[in-house]
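This report covers helix packing, ring contacts and one annotated region of the model shown below.

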Amino acid sequence: MSRLDNLTKTETDVSRPSALPTANLRVNRTISQQPLIDQSSAEYLENVEEEWNKKVDVEVETLVNGMVDLVNLASIGEKDKFTVAQEAFAAQSRAESMVRAANSLLSIVHSMKLLLLLSDESQTAHRRDAEEKEIREANEETKRKVAALLDELLRKPSGSSASGGSSS
């Protein structure tokens, strides 16, 4: 399925790694996914981040190389029709690859936004519950301290009034 076929179809929020122009990462992914069970959550997230960084680096490198090639092709000088046609074709080819890379970067940005918006709700709920538990524990501890201080204050006036009366 070509990239053009993918563009004409309706896009969904479903991740389709085979639709990415960097499909060669899929081979590496199967090798790196083998020890997923042995990975901690932090290691897994680092690997995912590294994979995203590689995708972005590839597309940015394509854009930079394309721009350099376009600047090199734009030399001024006497050229015959064949050279002009060759350079026009090369410029068009570079421009098309740059457009594909820019579209791929837009797709990556869209995917990252979706990952942020639709992040793991269970992890968010777990963090919220843990924070709520800490706050409740701190609240109970504060209540105990306040009750102890209140008891101490209520006991002192009776004891201090007896000692205060004997000193006057």
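Over which ring does the charged end of Lys55 sit? The ring is that of Trp52, with the charged end of Lys55 4.7 Å from its centre; a charge sits over a ring if NZ of Lys or CZ of Arg is within 6 Å of the ring centre and within 35 degrees of the ring normal.

This is a predicted model, in which local features need pLDDT of at least 70 and side-chain atom pairs pLDDT 80 or more, while totals for chains, interfaces and linings use all residues. Residues are numbered from 1 along each chain as its sequence is written, and side-chain values use heavy atoms, without hydrogens and water.

Two helices (DSSP runs of H or I, at least four residues) pack together as follows.

| Helix | Residues |
|---|---|
| α3 | 41-73 |
| α4 | 81-117 |

Their axes, lines fitted to C-alpha atoms over the stretch in contact, are 9 Å apart at an angle of about 155°. The angle makes α3 roughly antiparallel to α4 (over 145 degrees, on a scale from 0 to 180 between N-to-C directions). Residues of this contact divide into 16 nonpolar, 5 polar and 5 charged, with Gly counted as polar and Asp, Glu, Lys and Arg as charged.

UniProt, in an unreviewed entry, lists residues 121-152 as "coiled-coil region". Over residues 121-152 the chain is 100% helix, and the end C-alpha atoms are 46 Å apart.

Methods
Angles under 35 degrees count as roughly parallel, over 145 as roughly antiparallel, 65 to 115 as roughly perpendicular and the rest as oblique. UniProt positions are given in the numbering used here, feature names are shortened, and annotations may be inferred rather than shown by experiment.
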